[in-house]
Amino acid sequence: EIQLAGRVKALTPSATLAITAKAKQLKAEGHDIIGLGAGEPDFNTPQHIIDAATASMNEGHTKYTPSAGLARLINAIINKFKVDQGLDYKPNEIIVTSGAKHALYTLFQVLLDEGDEVIIPVPYWVSYPEQVKLAGGKPIFVEGLESNDFKITPEQLAGAITEKTKAVIINSPSNPTGMVYTADELQALGKVCLEKNVLIVSDEIYEKLIYGDNKHVSIAELSPELKEQTIIINGVSKSHSMTGWRIGFAAGNGTIIKAMVNLASHSTSNPTTTAQYGAIAAYEGSQAAVEEMKEAFEHRLNVIYDKLVAIPGISCIKPQGAFYLYPNVKEAATLSGFSTVDEFATALLEEAMVAVVPGSGFGSPDNIRLSYATSLDVLEAAVARIGQFVESKL
Ligand code: PLP
């Protein structure tokens, strides 16, 4: 019998997997399933990016690049930081990675020793705790209360810090809640981090998807001290609808980035060359498509939000960014005769034929996550189905 490594056995299987597998099975059996589980924009990558990547191959750029990424891409990222956030980074403070996910993975590998603690606000993106554990670290969960827009407070943060605390993760706009931290809130959290010398991992992958009067603020913008204390994680996946290209980056302290480059040189060698050329076009070219996609998401959100919260027993804080709704459906589950939201979500799939992700996977078992990265027609049909399902059980 094969004995796998302990670190792999300790991985929690993705909570979304069971329901995704079930949705696939029902679909294969011919059932008309609507899937709202998607974690990626439904738009194709803008054509000028595809063209630039194709041209780069025809021009012979099909070989290894430096492990940190192409100099031209690093410069494009530096310029993006200047334009978007007024931040100045040097080339040795940036590493291009195979997606933002691998930037985070590499970061925790170079940062954490056995038993080091990383504070993870709940609800959280599913990969954070697993990546911390894979690096030998210990996830410390701090609950962002729904009554506080799922955000953690400086008091909560201070209360969770021990002498083992290495870092805290801030993900704004958030997956799964869509909430955005304001500059004041970040300033207050940052003050705690500076006092206690805790690094800030700022996952800004949904930066460009922000709605209404809300603004994206990076905690690194707030002072030179906070910039030095923060590692920013970002990439082209969500902003430019490039999830499959696998290009992300980390920016921050040169010593940390150097260690990440060293590790990358022994693991990925470099992110795919062609994809890097695509990312250069994404950052150097017109940002019109980014804006158009954002507007489409915002329109969808505004149309379906009202319909969703009109369903008995469903309440939802209106998302400010990303492309997820994170309604509290505990009451709807109870009204429909289910003792848990997990069971309610399973019934939604089997009876209403709508696949959603139960909040238990993100650490908050009273909610479900609906992605609106799908067409308005499909979204309206899905919400109508959920409404009919609940009404039929009353
Ligand atoms: N961070 C968050 C919060 C995400 O939701 C995702 C993707 O789902 C990522 C990081 C990873 O992005 P990438 O596709 O660039 O690896």
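**Note on the predicted model**

1. The chain's secondary structure amounts to 15 helices and twelve strands. Its radius of gyration is 21 Å, close to the 21 Å that the globule rule gives for 394 residues, so the chain is as compact as a globular protein of that length. The model is a predicted one.

2. On overall dimensions, the C-alpha atoms fill a box of roughly 60 × 55 × 55 Å, taken along the principal axes.

3. Helix α3, residues 47-58, packs with helix α11, residues 273-284, at an angle of about 135°. The axes of these two helices are 8 Å apart. Because angles over 145 degrees count as roughly antiparallel and those from 65 to 115 as roughly perpendicular, the angle here makes α3 oblique to α11. The crossing of the two helices is right-handed.

4. Which residues make the contact between α3 and α11? On the α3 side they are His48, Ile49, Ala52, Ala53, Ser56 and Met57. On the α11 side they are Thr274, Ala275, Tyr277, Gly278, Ile280, Ala281 and Ala282. Sorted by class, this contact has nine nonpolar residues, four polar ones and no charged ones.

5. The last point concerns the ligand. How many residues surround the ligand? There are 13, and the closest are Gly99, Ala100, Lys101, Asn175 and Ser237. By class, the shell around the ligand divides into three nonpolar, eight polar and two charged residues.

Notes
Residues numbered from 1 in each chain as written. Predicted model: local features only at pLDDT ≥ 70, side-chain atom pairs only at ≥ 80, totals over all residues. Axes fitted to C-alpha atoms, helices over the stretch in contact; angles between N-to-C directions. Helix = DSSP H or I, 4+ residues; strand = E, 2+ residues; numbered from the N terminus. Parallel < 35°, antiparallel > 145°, perpendicular 65-115°, else oblique. Left-handed = near helix turned anticlockwise from the far one by under 90°. Contact = placed C-beta atoms within 7 Å. Nonpolar A, V, L, I, M, F, W, Y, C, P; charged D, E, K, R; others polar. Near = placed C-beta within 6 Å. Rg over C-alpha atoms; globule rule 2.2 N^0.38 Å.
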